[in-house]
Amino acid sequence: MKKTPRAAPRPDDPDRAQKAGPLPRAADRIRSSAQDLFYHQGIRAVGVDAIVAEAGVTKPSLYRSFGSKDDLVVAYLRDYESEFWRRFEAAVAAHPGDPRAQILAYFAGLTERTSRSEYRGCGLTNACIEYPEPDHPARQVSVASKRRVRARLTELASQMGARDPEALGDGLLLLLEGACASSQVLGAEGPVRHLADAAARLIDASLK
């Protein structure tokens, strides 16, 4: 996920605010700051104090907008999921009627993203690691999202004519998750550089 710019000046500084132009509303600044901090530092490691300081708002503003830190975490994860699907569906739209090319295009983009110095893995997977409790809302949102990805990959595998669409879909999901994780350990010169080629080989070996 691309790191967001630092929040605008505090609204109680009228001279600086006038020079910077209209300020985003408090809820948007909170959401943007939380996105940056949660992704790059970890959800549990970031407290409400850090978020309001970064956003240039007060605690009451945060709680009026989101109710609790858990509510803000859910908003962050839903934003992260929306961005994932935006990229995924853009790859699909770029290759109409060709599911193999659609998946490989997405993996090519993932290779590029995982090679960036600011990349910190998948925010949804990271949330599952931070919150092992099955009833925690962060985990519930993340697990539901991963199930949708799994179903979408299986659907594309079926469209390709795979002998076993579920097996191919799961294999592609393992490649996706492995790329996100291995890039954090071995960097751009690790296994992620072979991601698209590994996906192509897996697909071709799975077709009827």
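Does Lys146 count as buried or exposed, and at what relative accessibility? At 17% relative accessibility, Lys146 counts as buried, because the cut-off for that class is under 20% relative accessible area. The points below concern a predicted model.

1. Lys146 and its partner. The buried residue Lys146 forms a salt bridge with Glu177, and the closest N and O atoms of this pair are 2.6 Å apart. Lys146 belongs to helix α8 (residues 137-160), whereas Glu177 belongs to helix α9 (residues 165-186), so the contact ties together parts that are 31 residues apart in sequence.

2. The side chains of Glu112 and Arg116 meet in a salt bridge, at 2.7 Å from N to O. Glu112 counts as partly exposed, its relative accessibility being 41%. Arg116 likewise counts as partly exposed, at 33%.

3. Salt bridges as a whole. The count for the model comes to 14 salt bridges. In general terms, side chains of opposite charge can pair when their charged atoms come close.

4. Aromatic pairs. The count of aromatic pairs comes to 9. One of these is formed by Tyr39 and Tyr80, whose rings are 6.0 Å apart, centre to centre, with 25° between the planes. This pair is classed as stacked, because its planes fall under the limit of 30 degrees. Tyr39 sits in helix α2 (residues 26-41) and Tyr80 in helix α5, so that the pair links distant parts of the chain, 41 residues apart. Tyr39 is buried at 3% relative accessibility, and Tyr80 is buried as well, with a relative accessible area of 5%.

5. An aromatic cluster. Phe84, Trp85, Phe88, Tyr106 and Phe107 form one aromatic cluster.

Terms used:
Residues are numbered from 1 along each chain as its sequence is written. This is a predicted model: local features need pLDDT of at least 70, side-chain atom pairs count only at pLDDT 80 or more; totals for chains, interfaces and linings use all residues. Side-chain values use heavy atoms; hydrogens and water are left out. A salt bridge is a side-chain nitrogen of Lys or Arg within 4 Å of a carboxyl oxygen of Asp or Glu. Buried means under 20% relative accessible area, exposed over 50%, partly exposed in between (1.4 Å probe, protein chains only). Helices (H or I, at least four residues) and strands (E, at least two) are DSSP runs, numbered from the N terminus. Rings of Phe, Tyr and Trp (its six-membered ring) pair if their centres lie within 6.5 Å; planes under 30 degrees apart count as stacked, over 60 as edge-to-face and the rest as tilted.
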